[in-house]
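Good morning, and thank you for joining.

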Amino acid sequence: MPALAGPTVAPVAAPRDQTLLEDALAAAREGDEWAFVVLYRDLQPRLLRYATALVGPDAEDVTAETWLHVAKDLRRFSGDLDGFRGWVTTICRNRAMDSARARTRRPADPAEPADLVALADVRHTDGAVFDGLATQWAIDQILALPRTEAEAVLLRAVIGLDGPTAARVLGKRPGAVRVAAHRGLRRLAERLRAGEEAGPARAGRERRTGVADV
């Protein structure tokens, strides 16, 4: 399994979307199918990206099991929209850990960065660090972070959880998750800057030698 996981960042839904999702959550708890579909379409792309980082090709199975669990227990859920996202993400993470344990006797098949790039991009993120998250290189850098830092970044930036909710998912103190996310973002910022600086330097070498690096 790949090594997982500054500025405070998280996707923020537009007020109109937020109201729609809150109404959908209330209706879904009463059993309305359309409302469940709205919640699924909002969260599933990000949830799938998160699960892919955790378990690679088993991500679709993990998220399918997650939504089956959600559908079964949603009537008993109590909380707001952020709480719902945290609850679903916790279920997903637990299913992913179960999947990883079940694969311990099989050769590891970690997530490929290209698989993450093919999924939905991060939406409504703040901070220049995330400008390049849709690139394969940037995703590779996230997966190369220490596990706690990378998962904190994924929960905050990809799923869009707030600090306390991300902390509950990881079973850690909010301060520890905040520090992990800050460190992860700082490492990413440094690597992104280094990559930007390396680009012009490489181009200069190619112009002087007339030969591209291989």
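I begin with R76 and D73, whose closest N and O atoms lie 2.5 Å apart in a salt bridge, a term that here denotes a side-chain nitrogen of Lys or Arg within 4 Å of a carboxyl oxygen of Asp or Glu. R76 is exposed at 64% relative accessibility, while D73 is buried at 12%. By these terms, buried is under 20% relative accessible area, exposed is over 50%, and partly exposed is in between, with a 1.4 Å probe and protein chains only.

A word on the source: this is a predicted model, in which local features need pLDDT of at least 70 and side-chain atom pairs count only at pLDDT 80 or more, whereas totals for chains, interfaces and linings use all residues. Residues are numbered from 1 along each chain as its sequence is written, and side-chain values use heavy atoms, leaving out hydrogens and water.

How many salt bridges does a search of the whole structure find? The search finds eight.

Another of them joins R101 to D98, with 2.4 Å between the closest N and O atoms. The two residues are three apart in helix α4 (residues 81-102), about one helical turn; helices are DSSP runs of H or I, at least four residues, numbered from the N terminus. R101 is exposed, at 53%, and D98 is partly exposed, at 36%.

Salt bridges with shared partners also connect D42, R46, D82 and R85 in one network. Within it, D42 and R46 meet at 3.0 Å, N to O. D42 is buried at 14% relative accessibility, and R46 is buried at 9%.
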